[in-house]
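Here's a protein model to explore, chain by chain. Keep the structure open while you read, and follow along as we go.

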Protein chains: 2
Amino acid sequence: MKERNNRPQPTIGVFDSGFGGLTVLRALLPLIPEARYIYLGDTARLPYGSKSHDTIARYAVSSAKFLHEQGADLLVVACNTATALALEDIQQSLPIPVIGVVQPGAHAASISTRSQKKSVVLSEVRERAVSESDGAESKGLRLSSVQPDGSPPKVLVLATQATVQSHAYTRALAAHNLNAYEKACPLLVPLVEEGWINHPVTDEVLKIYLTEALTEAPNAQILLLGCTHYPLLEPAIRRTLATLNHPLTVIDSAKATAQAVAAHIGTNPPGLKTQNSKPTAAFYATDSIEKFERLGSGFLGQPVTGVRHVDLGG
Amino acid sequence: MKERNNRPQPTIGVFDSGFGGLTVLRALLPLIPEARYIYLGDTARLPYGSKSHDTIARYAVSSAKFLHEQGADLLVVACNTATALALEDIQQSLPIPVIGVVQPGAHAASISTRSQKKSVVLSEVRERAVSESDGAESKGLRLSSVQPDGSPPKVLVLATQATVQSHAYTRALAAHNLNAYEKACPLLVPLVEEGWINHPVTDEVLKIYLTEALTEAPNAQILLLGCTHYPLLEPAIRRTLATLNHPLTVIDSAKATAQAVAAHIGTNPPGLKTQNSKPTAAFYATDSIEKFERLGSGFLGQPVTGVRHVDLGG
């Protein structure tokens, strides 16, 4: 750790209860190729999504401390449940910047809503045949995101039970003046881990969850994927929304988080962009190495090799 | 613990990674009402079913030791995964009898196969119009359970990934001269915990799993439920087998285990049957008490109250 200030590359620690956080790493690699990455999957204690705050906080803090001990300059909590329930606990336990997935997801939803608002304004502008699109755009961007009928636009958040119960997305979206409906989808992680990414049963489960959610939030415009497993289901989700004749803008919190990390590093570069090296990643798992390598590749989109086992107790 | 020898009732510790073991306790209560029960659900570290041997053994041994410290005279490992992967580890770490769920399930399958064999022999006897059914019955019971074509009868075992990979059921059934086909069903536990006990999606998932399994084991006669969550799906499983036009004798390892415990206590009674008191049960969980009480009742078939939290590390 002592030579940290002499290193040209930042070391980014990425942590998840399992494999899902690899979708965040997948988005980070092309955005910040100069970085060294250390990934920890706390697979011996997964899933976090169905457990209580105290248990999740204990697991998440010990995982975060491990990555700091391995030399991380910056920590990405690439797990919605750990972010939703334990971001503050982690931030208080570490002397380095800690970025979670909830705020970036909410921010991306906010930007997307403004673009939609902009489109509405622009079409109104066009109807009036007034060539003021630039002005309309800036007005659109500065408008509050309150809908014409006075109610805020709805963002539909799909997440695990624990993330939903924490209402972390409701709070994060409210800060952007966006109203959220959060829907717990406990079967989606097991379906992804079964490998049923494009499967009629998964489509049927999605249809049930989305129908229930859209009954509660019929005016939803944005669908926020509030679990890092869900990006693998994005094609199935889009297919199901088409079947339901209810298109929504899909926001992937994994990609949004990678952009937030890039923005953070861009404004606070610890010797960044002095090299153009191929990114390197070291992987640790608290349970079976073989299983991590086998399942992880699907999430990372490239082979996961050289995984090392670490025992964090429990 | 010191007054153990003065107590008329045995104290039976029952342990599972979560709620499934409550189906074993449910079967135990009417069979051994004189006992005092202590149940531990290691819910902070569930599920065991997808984890490695070393991790499962570490969790299971610490859970078992806790129950011994609480005064258990006898321990029931009411979890197929913990039994399959860690029964010996637990037995070596405790000075009390330890009964798992795999051997009782295999024993029940063996008895059931013999009964089926007996039925075949009896019908052959009837066809010959010879009144020797008693002799035939005893011959049938003493016959090896090898089928007419020379191959052993097939037992189809449904279980978690970890239980299947351990091949504990294959070994236990081979000791009864029974050939097993083991099928991992990773989605069944999440479906039960979602509460989709009688649900078209669950029926569809069961149809897929059972069709795959019966393609590999078309001559199966017995279906062994090798996970303590699965008894809740027994009606759905029977319904699906009927749809597939493939009736099988369904053996529930939870009930079989309760009978094995009763048999063990019957032959080694620590002051048993001196009272006819209502059974008492104390419950411990390593994660949320509220969730344990809420979900546990469905497995136990009666309210689960007074659950206490215990931290076993991790």
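A residue is called buried if its relative accessible area is under 20%, exposed if it's over 50%, and partly exposed in between (1.4 Å probe, protein chains only). Before we use that, a word on the ground rules. This is a predicted model, where local features need pLDDT of at least 70, side-chain atom pairs count only at pLDDT 80 or more, and totals for chains, interfaces and linings use all residues. Residues are numbered from 1 along each chain as its sequence is written, chains are lettered from A and ligands numbered from 1 in the order in which they are written, and side-chain values use heavy atoms, with hydrogens and water left out.

**A helix and its cover**

Helices (H or I, at least four residues) and strands (E, at least two) are DSSP runs, numbered from the N terminus. Take H2(A): which of its residues are buried? They are Thr55(A), Ile56(A), Ala57(A), Tyr59(A), Ala60(A), Val61(A), Ser63(A), Ala64(A), Phe66(A), Leu67(A) and His68(A). Their cover includes strands S1, S2, S3 and S9 of chain A, along with helices H3 and H6 of chain A.

How far should the helix reach? The expected span is 1.5 Å times one less than the number of residues. For the 17 residues of H2(A) that gives 24 Å, and the end C-alpha atoms are 24 Å apart, so the two agree. After H2(A) comes Gly71(A), with a positive phi near 110 degrees.

**The sheet**

Two strands pair if DSSP finds at least two bridges between them. In chain A, 6 strands make an open sheet in the order S4-S3-S1-S2-S9-S10, with parallel pairing. S4 and S10 of chain A are the edge strands, each pairing on one side only. S9(A) and S10(A) run parallel and are joined by 2 bridges; Tyr284(A) has Arg308(A) in S10(A) as its bridge partner. In the segment after S10 of chain A you'll find Gly313(A), which is partly exposed at 29% relative accessibility.

**Rings that pair up**

Rings of Phe, Tyr and Trp (its six-membered ring) pair if their centres lie within 6.5 Å; planes under 30 degrees apart count as stacked, over 60 as edge-to-face and the rest as tilted. Over all chains, there are 18 aromatic pairs. Here are two of them.

| Pair | Centre to centre | Angle between planes | Kind |
|---|---|---|---|
| Tyr48(A) and Tyr59(A) | 5.8 Å | 45 degrees | tilted |
| Phe19(B) and Phe299(B) | 6.0 Å | 20 degrees | stacked |

Phe19(B) sits in the loop between S1 and H1 of chain B and Phe299(B) in helix H12 of chain B, so this pair ties together parts 280 residues apart in sequence. Phe19(B) is buried at 2% relative accessible area, and Phe299(B) is buried too, at 3%. Tyr48(A) and Tyr59(A) are both buried as well.

**Core and copies**

A nonpolar core is a set of buried Ala, Val, Leu, Ile, Met, Phe, Trp, Tyr and Cys residues joined through side-chain atoms within 4.5 Å. The largest one has 124 residues, and those with the most contacts inside it are Ile12(A), Leu223(A), Ile12(B) and Leu223(B). In soluble globular proteins, nonpolar side chains tend to be buried together.

How values were computed:
Contact means heavy atoms within 4.5 Å.
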